[in-house]
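Trainee: Could you take a close look at one part of this model with me? I'd like to see how its pieces sit against each other.

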Amino acid sequence: MKLKTMAILLAALAGTFAATAKPVQLLNVSYDPTREFYVEFNAAFAKFWKARTGDDVTVKQSHGGSGKQARSVLDGLQADVVTLALSGDIDVLHDNAKLIPRDWQTRLPNNSSPYTSTIVFLVRKGNPKGIKDWDDLVRAGVSVVTPNPKTSGGARWNYLAAWEFARRKYGSEDKAKDFVAHIFKNVAVLDTGARGSTTTFVQRDIGDVLISWENEAFLALKEFGKDRFEIVMPPVSILAEPPVTIVDRVVKKKGTEVVAKAYLEFLYSDTGQEIAARNFYRPRNEAVATKYASTFAKVQLFTIDEAFGGWAKAHQAHFADGGSFDQIYVK
Amino acid sequence: MAGIASSLTEKQGSARGGTPRVIRNPLWVRVLFMTIAFVFVAFFLVLPLSAVFGEALRKGLRVYLASFNDPDALSAIKLTLLTALCAVPANLVFGIAASWCIAKFDFRGKALLTTLIDLPFAVSPVISGLIYVLVFGLQGWLGPYLGAGDHPWFGEWFNQQDIKIIFAVPGIVLATMFVTFPFVARELIPLMQAQGSDEEYAALTLGASGWQMFWRVTLPNIKWGLFYGVILCNARAMGEFGAVSVVSGHIRGETNTMPLHIEILYNEYNFVAAFAVSSLLALLALVTLVLKSLIEWQHARTRKDAASA
Amino acid sequence: MSVVRQRSVLPGFGLSLGFTVTYLSLIVLIPLAAAFIRTAEMSWGDFVQAVASPRVLASYRLSFGVSLLAALVNAFFGFIVAWVLVRYSFPGRKIVDALVDLPFALPTAVAGIALTAIYAKNGWVGQWAEPMWSGFLAWLTGVMPSVDWKKLLGAQIAFDRPGVFIALTFIGLPFVVRTLQPVLEELEPELEEAAASLGANRWQTMTRVIFPELLPPLITGFALAFARAVGEYGSVVFIAGNRPMHSEITPLLIITKLEQYDVRGATAIAVVMLVTSFILLFLINLLQKWSRRHHRI
């Protein structure tokens with residue numbers, strides 16, 4: 001009898017212990033195209049963290065345009081980690097509010113970008129306009145869809161990829177500007193975000209070619225059918241590196257530094273890299289990359305640092321008020 | 001007093017009844033007006049509405065209903081209802097007060113006050129959200145004091161309170177209040193002005209107190225305008241997208257209202273669910289209509305009862 | 001109460017005015033002041049550059065021009081819809097009545113998506129309206145070849161200027177109907193009967209008796225529809241095509257500035273729009289006040 005009571009007491013105690021495993025909540029503030037990826041990744045991380053520490057962790061997600069998300073964090077959105085489209089949007093967290101240290105990008109491997117992507121063309125099935133390379137976008141009668149570089153992070157990669165292609169091929173900044181201006185003459189619709197452009201191209205039947213993130217293009221194929229669209233990989237494109245970081249001020253206040261760091265490191269783990277590759281992001285991990293080599297076409301990719309000297313410079317020259325994008329429209 | 005009230009409703013009743021022959025428009029005018037109205041309504045209202053329901057029901061009723069059985073959708077619906085529940089009554093009280101002083105009194109600066117009340121309509125929704133960020137944001141006026149950071153001027157207590165305004169429910173309510181601010185007032189002002197104050201004077205002369213006059217004379221007179229104002233205010237409060245989007249922070253299952261949730265669903269290529277949730281908002285218009293009919297019917301019945309008694 | 005010009009025996013002036021002003025200040029004026037103060041931090045040169053660059057100027061022309069057009073169209077058709085709803089009884093009247101609120105009930109983004117789906121060249125209406133539009137433009141060019149109609153009116157319906165017009169008409173529609181409706185319902189038939197018995201024909205009654213009564217709410221509805229259209233963002237960006245210098249609305253440029261972390265530039269454009277709308281609304285309210293006094297005498 002006494003033994004039985006003891007057993008019940010012990011069981012109850014064990015139960016209390018299990019209950020005291022603290023539930024942790026993280027907020028990951030990210031940009032638009034990563035939703036599907038992080039839904040899968042967050043579940044995997046929760047499992048991993050439970051196995052390692054016994055704690056329950058739920059990761060709340062917030063998605064929106066990259067710049068808008070950065071602004072929300074600046075204005076007080078309590079993000080433990082930010083995973084945005086380009087490093088320029090994370091730099092402002094240091095420059096404008098000192099939420100993170102200046103050297104944030106050196107804290108994790110590969111410029112803090114656990115996965116990469118690039119810019120490709122999505123065309124209609126059979127490629128009726130024969131679009132193969134950036135040059136084809138300026139041909140008369142080719143209608144192009146891209147988001148607005150002023151409001152979309154993805155569109156900035158599009159713009160810079162086209163610019164660098166032309167500069168390499170035609171040899172000068174002026175000719176590159178002329179080339180990009182010609183592309184934008186062919187642009188039928190400038191949506192405010194990458195998803196908006198995909199919908200315009202796919203659902204509304206507007207345009208012959210959509211300039212798009214590689215992962216977005218793959219997702220469009222998956223959602224809307226390989227029988228309607230195909231992906232064209234230009235021979236040269238840009239290496240898009242969407243970076244991640246913890247937000248130091250927030251995790252210190254909330255006491256979530258350890259789990260937030262582990263969350264980001266898990267992105268580099270084999271599991272994390274697999275999930276990224278399955279969601280059409282190019283993995284950094286060699287082994288995973290080899291496994292998915294058939295998915296991702298080999299192309300010549302240049303980085304923004306080698307072509308433009310980093311985001312700050314590229315932004316100033318092209319997307320700030322009065323930059324090259326404004327100039328090609330206001331002549 | 002009671003005599004005044006009943007004679008008033010009597011008069012209103014006759015105004016609402018059949019239109020005398022002498023003041024009917026000729027048949028061709030009626031046909032023309034109705035045709036124009038129908039074509040306009042068909043193109044600008046019926047078509048968009050059918051598009052919404054068509055898309056929502058594209059994959060059948062079961063998929064349509066399944067869209068609501070999702071914790072994120074439910075939390076969005078709850079948040080939207082809560083927001084409307086806070087914003088609409090506040091603007092209702094304001095609307096009555098504002099229209100009372102503007103319609104019944106003459107004072108310096110009246111046109112200015114009226115215009116200031118209209119102002120939120122003229123503010124781009126994006127800016128409506130942004131101004132609250134400018135006030136309550138971490139970079140704003142009050143944000144640093146609201147426990148969002150570690151402001152040196154205030155003690156530990158303040159920093160630990162962690163009062164959240166923006167990127168939380170209060171911010172969403174505030175932005176919604178701003179956007180729907182003028183609706184009730186704007187509906188009541190022209191109505192009260194058209195009615196004049198004679199009936200109120202009569203009530204006062206007969207010895208009614210201020211509140212009695214308000215409840216028995218003013219309120220019954222303005223109730224339809226008030227009702228339209230509340231309907232509009234409510235519809236807009238639930239449907240507001242731009243302003244709320246700026247102050248929400250878009251945290252799934254936490255600070256997403258229905259319109260924001262719809263945007264997310266749409267961006268996830270989940271078109272059926274997106275339009276299903278939208279159709280719920282569209283149904284709102286129909287529900288309020290049923291409400292209006294019910295009130296009218298109830299009103300007619302009580303009048304009949306009063307007459308037969 | 002020294003501000004009251006004529007003594008009124010009605011109670012509650014102080015209470016209602018005090019409450020109105022307090023609430024107005026807390027919810028509207030103080031937060032709006034934040035925008036003005038942000039803008040005041042700019043130098044004059046920066047301000048001018050932010051609010052008067054060619055792209056911004058082009059967007060004002062589009063936003064204000066199309067909003068005006070949409071509000072006029074709404075005033076005309078809204079008047080007829082309100083009249084039909086109040087005066088005529090026909091099957092389905094209640095349904096039409098309910099539908100009027102739809103533009104408010106639908107989130108602007110949904111409205112934009114739905115309108116685009118309908119008016120795009122593969123949509124229900126777009127597939128036959130698009131060729132008609134091209135024919136219309138060709139006809140206009142034939143009549144007046146000196147004007148580049150394609151550029152002025154837009155070469156297609158969705159993703160061009162007509163799309164902006166459709167979206168802005170849609171979102172402004174309830175204002176005119178709903179401001180006219182209660183006044184129309186309260187309009188006493190005795191007035192019309194009197195006019196008729198004094199020998200006025202129906203046209204005279206309409207223009208001399210009814211219309212003057214309805215003019216103030218009509219103007220109010222027009223002004224509100226206009227003000228709302230100028231600031232509209234959510235529904236327009238889906239259907240406008242957003243091409244700089246051509247179909248880019250001003251609120252989009254505000255977003256653009258915000259994306260550059262240029263809060264001051266964004267509030268500067270907002271302040272310009274705000275002041276312009278304020279002046280317009282103020283003039284309309286003055287006009288109304290004046291016409292009411294004039295009318296009463």
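What distance separates the centres of domain 1 of chain C and domain 2 of chain C, taken over C-alpha atoms?

Mentor: Happy to, and keep in mind that this is a predicted model. The centres of domain 1 of chain C and domain 2 of chain C, taken over C-alpha atoms, are 26 Å apart. To find them on your screen, look for residues 1-40 of chain C, which make up domain 1, and for 44-120 plus 158-296, which make up domain 2. Where the two meet, domain 1 of chain C puts in 4 residues and domain 2 of chain C puts in 7 residues.

Now let's see what chain C does with its neighbour. The contact between chain B and chain C takes 92 residues from chain B and 96 residues from chain C. On the chain B side, helix H2 of chain B (residues 27-56) gives the largest share, 15 residues. Sort that side of chain B by type and you get 66 nonpolar, 15 polar and 11 charged residues.

Zoom in on one residue here, B:Thr114, which sits in helix H5 of chain B (residues 110-122). Is B:Thr114 buried or exposed? B:Thr114 counts as buried because it has 25 C-beta neighbours inside 10 Å, and the cut-off for buried is 20 or more. Skip the residues up to four places away in sequence, and B:Thr114 touches B:Ile102, B:Ile189 and, over in chain C, C:Asn285. Take B:Ile189: in sequence it is 75 residues from B:Thr114, yet from C-alpha to C-alpha the two are 9.1 Å apart in space.

Chain B has a contact with chain A as well. There, 16 residues of chain B meet 16 residues of chain A. The chain B side of that contact holds 7 nonpolar, 6 polar and 3 charged residues.

That brings us to chain A, where you can count 15 helices and 12 strands. Its C-alpha trace spans about 90 × 45 × 35 Å along the principal axes, and 49% of the 331 residues of chain A count as buried. Among contacts in chain A with a separation of 6 or more, 72% join residues 24 or more positions apart.

In soluble globular proteins, nonpolar side chains tend to be buried together. The largest nonpolar core here has 274 residues, and A:Val81 and C:Val81 are among those with the most contacts inside it. Helix H3 of chain C (residues 54-87) brings the largest share of this core, 15 residues. As for A:Val81, beyond its neighbours within four places in sequence, its contacts include A:Leu26, A:Val244, A:Val247 and A:Tyr263.

Technical notes:
Residues numbered from 1 in each chain as written. Chains lettered and ligands numbered in written order. Predicted model: local features only at pLDDT ≥ 70, side-chain atom pairs only at ≥ 80, totals over all residues. Helix = DSSP H or I, 4+ residues; strand = E, 2+ residues; numbered from the N terminus. Nonpolar A, V, L, I, M, F, W, Y, C, P; charged D, E, K, R; others polar. Buried ≥ 20, exposed ≤ 12 C-beta atoms within 10 Å, placed from the backbone. Domains from an automatic or database assignment. Core = buried A, V, L, I, M, F, W, Y, C linked by C-beta atoms within 7 Å.
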